[in-house]
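Reader: I have a model open and want to talk it through. Can you keep it plain and start with one residue?
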Amino acid sequence: MKRSVFGRLWPNATAVVLFVGFVFPVYWMFATAFKPTGDIITEDPVWFPYHATVSHFDKAVHADHFWTLVANSVIVTVSSVLISLVIALFASFALARMRFKGRRGLIVTFMLAQMAPWEVMIIAIYMLVRDNDMLDSLVPLTAFYAMMVLPLTILTLRGYVSAVPKELEESAMVDGCTRLQAFIKVIFPLLAPGLMATSLFGFITAWNEFPLVLILNKDIEKQTLPLWISQFQTAFGDDWGATMAASSLFALPILILFIFLQRKAVSGLTDGAVKG
Amino acid sequence: MSVQTEGTDTAGEPAVRKSGPPAPPRGEARTAKTPAGRRAAAAPYLLLLPALAATVVLLGWPLVKNGILSFQNLNPRQLIQHLTEWNGVDNYKEILSGSDFWSVVGRSVVFTAVNVVLIMIGGTLIGLLLARLGKKMRLLLMVGLVLAWAMPVIAATTVYQWLFAQRFGVVNWVLDKLGWHSMADYNWFSSQFSTFFVVIVLIVWQSVPFVAINLYAATTTIPKELYEAAALDGAGAWKSFTSVTLPFLRPFLYATTFLEVIWVFKSFAQIFALNEGGPDHLTETLPIYAYVEGVGNQHFGVGAAISFLTILVLLAITSYYLRMVLKQEEDEL
């Protein structure tokens, strides 16, 4: 069975090579962050942080404004995700469970809104925000981030709401619940995994957003982490250890969230949004 | 939510009333006068109101504003003094008659095409590989894919700058060791081609996992009977792939390609944070070009016009699929 040995070998070998290729940049970020500078600036790379140190993390954490930026990022991300979840919950319930005039048009509108090229609209947004004297503020950032994730949230949640059997809701209503009570007591608990998956994408979008904060908030007290990371390298020159430590700190929450929620998130996205 | 008592609203058409059983509530003291039907008719609109308002204010308004700005002469002087100077279609004339814009359009289209082709082929092959692997190896590869996928764009960008750094970068070291000695101190961000190379590696590395994992998930939903039937008909591995797997995955592949086209076309952070569209503006794609012209050079009116044209280009590129989706939605709803 020569062919089958080969046939079993090559997929595994390819998988290992691919694994290394995909993981290496992530590994290298953490490895560099933990290496002393002497092991980073070497003619031959040191592949493993044998002399692990947290001095680079120390430097990153004690950089000016670091904690302000962390707080800003957390505030903007969490509030925009929550706002869009609440708004989307109402909308998706209507879209999934009710028949009314204009429903089709609305779904199409949200599908189009999902593709809005925000990166290209930043000039207009800048002018609007400036005209309303809201530059260097977290409020417009939060509002626009919420809007960026809203369409996808609505469309994904619509899928989750439709997946809850109508009979459950109806029997609750027969038992004397109002529609609202039926929703809170019956549908909402079943939606929990969907809500988590949906919020993951919102979280990633808002946590990562770069162009808008780049143009709107010049005051460092009102900036967020992505902007800081992208400038950290310029500010610290060739201090790759500190830059990688900063990137690691920035990436860690997302990596952790993602690993826990990935499976649900994937099926959520494919069921609800990517219709195929 | 609970406040839906626009009592005198006469627009409630019975035809659009929710078809479910009205189920008169017993415990609640509801005024019998309020027609339940009218409430039900208004309910969906009230539920959708916040989402619609947000869309109109935060998306519609900037779009309209963008259109208005593109017909204005808006430079630092006008900006600071809050002047509104209309200049008709001058901005568009200036952009469309120059050669810059068209070369950026061409570059954006090629950039998007190269990325999407690589992402779709790579993602599909890896997805099919996932389906073939044993449990342990599949989990291993999945972990690698998920890590790459989850890396925040800006963090990934700084890591790639470090990987491809001129001095002490791993990539140059490896190329040197492999015998390509001229790469030992190569500056990747010194030429258009090599900068694009790094950007493309970065984007493909980040985008392939989405395609691969979803494609793998889609293959698991293919009924086994189809393969059995194909085998009974004497189909080999290749034949059963083209006659069972591929047709089954086709809608998924269409949808994903479409999404990737949009995502890649719009990519901003990767290109901007890596090299700000340099060297010498040679890696500017449309979104970067609009930013550099509009904000960097403070020609806000011109920038807005470029933005508008960019949206048109994006619509043109995606129109085929868009039409398909809209049609499908209409049939379904």
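Author: Starting with B:H82: it has 8 C-beta neighbours inside 10 Å, so B:H82 counts as exposed. The cut-offs are these: buried means 20 or more other C-beta atoms within 10 Å of the residue's own, exposed means 12 or fewer, and partly exposed is in between, with C-beta atoms placed from the backbone.

Reader: What kind of model is this, and how do I read the labels?
Author: This is a predicted model, in which local features need pLDDT of at least 70, side-chain atom pairs count only at pLDDT 80 or more, and totals for chains, interfaces and linings use all residues. Residues are numbered from 1 along each chain as its sequence is written, and chains are lettered from A and ligands numbered from 1 in the order in which they are written.

Reader: Back to B:H82. Where does it sit?
Author: B:H82 is in the loop between helix 2 (76–80) and helix 3 (90–97) of chain B. Helices here are DSSP runs of H or I with at least four residues, strands are runs of E with at least two, and both are numbered from the N terminus.

Reader: What is phi of B:H82 near?
Author: Near 55°, a positive value in a residue other than glycine. Most residues other than glycine have a negative phi.

Reader: And what about phi of B:D280?
Author: Phi of B:D280 is also positive, near 55°, and B:D280 is not a glycine. B:D280 lies in the loop between helix 11 (269–275) and helix 12 (286–296) of chain B. With 9 other C-beta atoms within 10 Å, B:D280 is exposed.

Reader: Is B:F258 buried or exposed?
Author: B:F258 counts as buried, because it has 21 C-beta neighbours inside 10 Å. B:F258 belongs to helix 10 (residues 237–266) of chain B.

Reader: Which residues does B:F258 touch?
Author: Leaving out residues up to four places away in sequence, B:F258 touches B:T318 and B:Y321. A contact here means that the C-beta atoms of two residues, placed from the backbone, lie within 7 Å. B:F258 and B:Y321 are 63 residues apart in sequence, with 6.8 Å from C-alpha to C-alpha.

Reader: Switching to chain A. How many helices and strands?
Author: Chain A has 12 helices and 0 strands. Its C-alpha trace spans about 75 × 75 × 35 Å along the principal axes.

Reader: Which domains is chain A divided into?
Author: Domain 1 covers 2–53 and domain 2 covers 64–273; such bounds come from an automatic or database domain assignment. The contact takes 7 residues from domain 1 of chain A and 6 residues from domain 2 of chain A. Helix 1 of chain A gives the most to the domain 1 side, with 4 residues. The centres of the two domains, taken over C-alpha atoms, are 33 Å apart.

Reader: Now the two chains. How many residues does the contact take from each?
Author: 83 residues come from chain A and 87 residues from chain B. On the chain A side, helix 12 (residues 240–273) gives the most, with 14 residues. The chain A side divides into 61 nonpolar, 15 polar and 7 charged residues. Ala, Val, Leu, Ile, Met, Phe, Trp, Tyr, Cys and Pro count as nonpolar, Asp, Glu, Lys and Arg as charged, and the others, Gly among them, as polar.

Reader: At what angle do helix 11 of chain A and helix 6 of chain B pack?
Author: Helix 11 (residues 225–235) of chain A and helix 6 (residues 153–163) of chain B pack at about 10°, with their axes 9 Å apart. Axes are lines fitted to C-alpha atoms, for helices over the stretch in contact, and angles run from 0 to 180 degrees between N-to-C directions. The two helices, helix 11 of chain A and helix 6 of chain B, are therefore roughly parallel to each other; angles under 35 degrees count as roughly parallel, over 145 as roughly antiparallel, 65 to 115 as roughly perpendicular and the rest as oblique.

Reader: Which residues meet there?
Author: A:P226, A:I229, A:S230 and A:Q233 in helix 11 of chain A meet B:I154, B:A155, B:T158 and B:Q161 in helix 6 of chain B. The residues of that contact divide into 4 nonpolar, 4 polar and no charged.

Reader: Why is helix 11 of chain A called largely enclosed?
Author: Because 8 of its 11 residues are buried, helix 11 of chain A is largely enclosed by the rest of the structure. Among the buried ones are A:W228 and A:F232. Just after helix 11 of chain A, A:G237 takes a positive phi of about 60°.
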